[in-house]
Amino acid sequence: MPKSQRSGLAHVLPSGSRPGTVVRSAPSLRSTAATVQVRVHSGAIILQTKNGLTHSEQLGFPQAQEVGLDLLATAINEYAIFMLDANGTVTSWNPGAERMKGYRSDEIVGRHFSVFYPPEAAAERRPERELEHAARTGYHQAEGWRVRKDGTRFWAHVVTAALRSSDGSLRGFAKVTRDDTESHTRLERSSERFTNLMGLAPVGIALFDESHRLARANDALCDLLDSEISELHGTRADDLRHPQDRSGPLVMISDAPTHRVLKRADGRPVHCDLRCAAAVQDDGRLFWLVAFQDITERHQRAEELRYQATHDSLTGLFNRRAVKELLDELVSGPDAERVGVLFCDIDNFKRVNDSLGHDAGDELVATLARRLRSGMPPGCVPARLSGDEFVVVCRDVDAVGGLEALGATVSGLLRTVVRLQGQPVQVSAAVGCAMPDGTATCGDDLLRFADAAMYRAKRRGPGRVALADPGQAQAISQQLRLEAELREAIDDDDLVLHYQPVVDVAGNVVSAEALVRWQHPEHGLLYPDVFLPVAEQGDLLRDLDRWVLRTALRRAARWPTVGGRPVGIAVNLAGLLPDGPEFTAEVTGAIAESGIEPNRVVLELVETVLVDLPSGPRRAMLELVARGVRFAVDDFGTGYSSLARIKDLPAQIIKADRSFVSDLGVGSRDLAVARAVAEFARALNCQTVAEGVETVEQFNLLASVGIDVYQGFLFARPVQEDRFTALLEQGLPLP
């Protein structure tokens with residue numbers, strides 16, 4: 001095939017082509033109406049539209065047939081088709097060209113085709129460069145503004161094909177032009193709307209090409225990254241990531257917004273919710289549209305809330321919640337056997353608070369926290385649980401020389417002299433140490449083991465260190481099991497109440513004290529001295545008091561009267577105390593639920609609880625007293641309280657401790673104490689109760705000094721409700 005027949009515009013090999021035919025491809029001209037394919041094959045130029053219309057003309061390039069380049073005639077009027085000689089002079093002109101550009105054939109043939117270009121393009125020699133490119137490569141494709149005869153402009157899509165003779169010399173050019181002004185205008189408007197939308201959007205928006213390089217960005221993204229668009233253009237997407245971001249490639253398809261961390265120009269992190277979508281351009285290339293929603297402030301607020309939830313406000317150390325989270329993570333990890341926990345309690349801390357005030361106590365705690373933070377070995381995390389309790393969690397005890405060595409280090413850090421309000425205060429702490437030994441299943445277990453070891457250290461004296469032992473761990477495990485069982489017994493109403501009568505000097509039952517018992521399915525009947533420590537350790541005292549109060553009042557409301565007088569009911573309170581916000585509501589609720597008269601209710605609290613009550617709880621007690629409820633000071637004489645504080649208590653009953661009763665008749669001092677208690681109570685207009693009366697001699701002596709009522713084995717042991725109601729009906733004989 002002659003070289004002239006192989007060069008030029010071609011797109012597809014026509015059907016029926018002979019083997020060995022060479023066809024050079026070039027882009028087709030596309031429009032909304034038709035797509036034209038221009039081919040040079042077997043000495044002919046062939047134009048075929050998408051709808052099947054075909055036009056062809058033979059080319060032999062003899063001189064006579066060159067005129068036949070007027071072939072691209074009237075069949076495809078949508079296109080301007082004309083020919084140029086090798087210098088760019090117009091040699092032929094079709095009707096489509098006349099319509100598109102406004103020149104008649106006689107007006108344009110013989111003129112240089114640069115007349116169709118805007119002056120600025122002509123000045124840049126763009127027409128000549130396009131012909132040079134077509135001559136060099138065979139064809140040239142371009143889009144741009146062109147000028148009509150009347151000076152108006154239109155957006156043109158132009159394909160230029162070089163035509164050569166059989167000897168390879170350049171004969172001229174064929175040009176096919178389509179007016180794309182309408183589609184270009186739509187595209188520009190769409191692009192303008194997209195640009196405006198990007199500019200108005202309050203979020204950062206970027207376009208990335210198929211190699212993930214930034215091609216376009218809006219002002220919001222530039223502001224977000226504190227960079228100019230010129231600095232961002234061409235940047236790889238992953239180069240925008242901050243080192244804190246470890247979530248994989250930045251540009252990837254996801255079903256939901258992902259939290260990513262970008263890097264500002266100054267290196268600071270920017271937290272974003274990122275949304276990403278992929279799309280295809282007109283030319284088939286992939287691009288990515290990515291939106292960045294700045295959530296830095298929201299992230300900071302969340303971090304602040306997280307910090308507040310996991311850190312102690314006074315010291316900045318981890319709090320109890322953070323310690324539990326850390327321990328649960330460590331004991332479930334592969335190195336759990338090397339985890340260590342140290343529980344530290346400041347010796348005589350209450351003395352500092354009482355003598356120097358709570359501000360001094362806070363200053364002491366903060367000082368010790370700083371010492372722990374600065375002095376701990378690597379891998380050890382200090383924390384403050386509450387008050388004067390510190391905890392140290394060690395990830396790898398072996399790395400710090402063992403648990404005992406770590407305990408000595410922490411004890412040394414907490415043994416110091418601190419100046420508080422100008423006074424030097426010697427400080428030390430008891431330290432209990434624990435490690436997993438097969439019985440610990442969670443972080444709470446380790447804390448309990450270390451806490452128990454700390455109490456053992458404290459019993460040895462100030463500043464001591466103790467290690468948890470297997471026996472201790474077993475005891476704690478038993479404690480944990482009992483706690484769970486006791487909680488279940490409270491919830492399931494499986495506890496029982498026994499009642500011990502309180503009688504007057506004539507032997508009449510005036511009231512009864514409700515005493516809780518636990519009928520354990522395995523251990524039998526358990527008394528308070530066994531399970532009250534369990535309840536205290538497991539923070540169950542309040543729940544236990546609530547159960548006893550409601551149950552005792554409900555059952556006492558059904559008791560028969562004695563001599564026409566109702567019998568009172570006394571309940572000991574150890575967890576449900578007047579300083580709790582729910583105290584008044586719980587008591588009044590129990591009274592209302594049971595239907596009992598308030599003046600039959602006696603609430604017993606130990607002296608040490610009552611004397612330290614602030615004004616608020618005292619007002620709560622006085623409110624209940626106004627309704628008829630009475631308060632009793634239990635174990636009076638054992639609380640080391642001053643008479644000045646006792647006299648102001650809102651109490652109506654004073655119960656002399658059994659220790660003053662047990663030795664009556666042997667020595668004269670206990671009788672003198674009993675007399676003093678009776679006289680003191682009369683001075684305060686209070687009733688006196690003597691506990692633990694077991695002999696007739698004790699009863700006679702107590703009666704002789706003016707004790708009002710009595711309670712003890714001499715009259716009756718604590719009995720179940722059915723036996724107690726029988727005693728009420730039968731009466732108690734005076735011993």
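I count two strands as paired if DSSP finds at least two bridges between them, and I take helices (H or I, at least four residues) and strands (E, at least two) as DSSP runs, numbered from the N terminus. I am working on a predicted model, in which local features need pLDDT of at least 70 and side-chain atom pairs count only at pLDDT 80 or more, while totals for chains, interfaces and linings use all residues. Residues are numbered from 1 along each chain as its sequence is written, and side-chain values use heavy atoms, with hydrogens and water left out.

**Entry 1: overview**

I looked up the chain as a whole and noted 24 helices and 30 strands. Of its 735 residues, 46% count as buried, where buried means under 20% relative accessible area, exposed over 50% and partly exposed in between, with a 1.4 Å probe and protein chains only. I take a contact as heavy atoms within 4.5 Å, and among the contacts with a separation of 6 or more, 55% come from residues 24 or more positions apart.

**Entry 2: the sheet around E9**

I followed an open sheet of five strands in the order E6-E5-E9-E8-E7, with antiparallel pairing. Strand E6 (90-93) and strand E7 (139-147) are its edge strands, each pairing on one side only. Neighbouring strands here are turned by 25° against each other on average, direction ignored; for such values, axes are lines fitted to C-alpha atoms, for helices over the stretch in contact, and angles run from 0 to 180 degrees between N-to-C directions. Helix H5 (residues 126-137) packs on this sheet and touches E5, E7, E8 and E9, its direction making about 165° with that of E7.

I then asked myself how many residues of strand E9 (residues 170-179) are buried. Seven of the ten are, so E9 is largely enclosed by the rest of the structure. On one pairing, strand E5 (residues 79-85) runs antiparallel to E9 over seven bridges, and Asp-85 stands opposite Gly-172 in E9. On another, strand E8 (residues 153-164) pairs with E9 in the antiparallel sense over nine bridges, with Leu-170 of E9 as the bridge partner of Arg-164. The hairpin of E8 and E9 has five residues between the strands, and Gly-168 takes a positive phi near 90° there.

I found another open sheet of five strands, ordered E11-E10-E14-E13-E12 and paired antiparallel. Strand E11 (214-217) and strand E12 (258-263) stand at its edges with a single partner strand each, so one side of each has no neighbour in the sheet. From one strand to the next, the twist averages 35°. E12 and strand E13 (residues 269-280) run antiparallel and are joined by six bridges, and I noted Arg-260 opposite Cys-272 in E13. Helix H9 (residues 296-310) lies across E12, E13 and strand E14 (286-294), running at about 135° to E13.

**Entry 3: helix H10 and its neighbour**

I looked up how H10 and helix H14 (residues 443-460) meet, and they pack at an angle of about 110° with their axes 8 Å apart. They are therefore roughly perpendicular to each other, on a scale where under 35 degrees counts as roughly parallel, over 145 as roughly antiparallel, 65 to 115 as roughly perpendicular and the rest as oblique. Val-323, Lys-324, Leu-327, Asp-328 and Val-331 of H10 make the contact with Gly-443, Asp-444, Leu-446 and Leu-447 of H14. By class, this contact has five nonpolar, one polar and three charged residues; Ala, Val, Leu, Ile, Met, Phe, Trp, Tyr, Cys and Pro count as nonpolar, Asp, Glu, Lys and Arg as charged, and the others, Gly among them, as polar.

**Entry 4: salt bridges**

I count a salt bridge when a side-chain nitrogen of Lys or Arg is within 4 Å of a carboxyl oxygen of Asp or Glu, and the structure holds 40 of them. Glu-325 forms one with Arg-321, the closest N and O atoms being 3.3 Å apart, and both residues lie in helix H10 (residues 320-331), four residues apart, about one turn of the helix. Glu-325 is partly exposed at 33% relative accessible area, and Arg-321 is partly exposed at 43%.

Asp-106 and Arg-104 also meet through their side chains in a salt bridge (3.2 Å, N to O); Asp-106 counts as exposed at 58% relative accessibility, whereas Arg-104 is partly exposed at 41%.
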